[in-house]
Amino acid sequence: MRKLAFILSLVVLASALPGSAQIRRPQATVTPIVERPAVAAGSAARLALKVALPESLHTQSNRPLDPTLIPTVLTIDAPAGVRVDEIVYPAAIDLKQQGLEQPLRVFEHEFVVGAQVTIASDATEGGLTLPGRLRYQACDDTMCFPPATVAFEWRLRVVPAGTGIEAAADPVFATIAFGRGEKPAGPTGGRGA
């Protein structure tokens with residue numbers, strides 16, 4: 001209970017200060033990456049999102065040990081004809097936070113989240129935009145900032161089924177544990193393909 005009161009007091013303090021004196025909310029820089037620039041209709045495409053915060057910051061993981069903390073969540077707003085198969089969060093680390101008995105399960109200041117989507121076999125050829133949002137709460141070793149959401153999009157080109165795609169994948173994809181991710185809850189996991 002003491003921990004919850006501590007975190008809530010920080011959020012209330014940040015929102016109660018006058019605009020010029022408010023604590024500056026750190027912004028994450030996100031870089032959406034596609035494994036291949038094109039995807040054949042009826043097949044899967046792998047996506048990655050590189051996330052970077054200033055050096056001394058971290059975010060809560062997608063599954064914080066304390067359920068009152070705000071998790072990091074990747075949401076893909078899949079258009080018709082696209083199904084989100086899995087979202088793959090990185091391995092979290094346990095961090096001892098000043099004033100708290102239980103460690104925090106966090107992502108370090110730089111991390112990558114992966115996703116795999118399936119394109120419908122009858123998908124229209126041409127450009128495909130997959131909008132996404134990352135919700136996170138940046139923290140340092142003494143406090144957490146108000147949560148933030150950053151919007152971004154992946155861009156792919158849909159080609160006919162059976163088309164060969166000759167392009168080397170970005171090395172970041174070798175670091176993502178595809179096949180061990182989680183199925184997203186709600187409509188992003190079930191629409192389309």
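## Aromatic pairs

Both F152 and W154 are buried (under 20% relative accessible area, 1.4 Å probe, protein chains only). F152 and W154 form an edge-to-face aromatic pair, with 5.0 Å between centres and 90° between planes. Rings of Phe, Tyr and Trp (its six-membered ring) pair if their centres lie within 6.5 Å, and planes over 60 degrees apart count as edge-to-face, under 30 as stacked.

The structure holds four aromatic pairs. The ring centres of Y89 and F107 are 6.4 Å apart with planes at 10°, so this pair is stacked. Y89 lies in the loop between strand 6 (82-88) and strand 7 (93-95) and F107 in strand 8 (residues 104-107), so the pair ties together parts 18 residues apart in sequence. Y89 and F107 are buried. Ring pairs link Y89, F107 and F111 into a cluster.

## Model and numbering

This is a predicted model: local features need pLDDT of at least 70, side-chain atom pairs count only at pLDDT 80 or more, and totals for chains, interfaces and linings use all residues. Residues are numbered from 1 along each chain as its sequence is written, and side-chain values use heavy atoms, with hydrogens and water left out.

## Chain

Of its 193 residues, 43% are buried. Among contacts (heavy atoms within 4.5 Å) between residues at least 6 apart in sequence, 77% join residues at least 24 apart.

Technical notes:
Buried < 20%, exposed > 50% of the residue type's maximum accessible area, 1.4 Å probe, protein only. Helix = DSSP H or I, 4+ residues; strand = E, 2+ residues; numbered from the N terminus.
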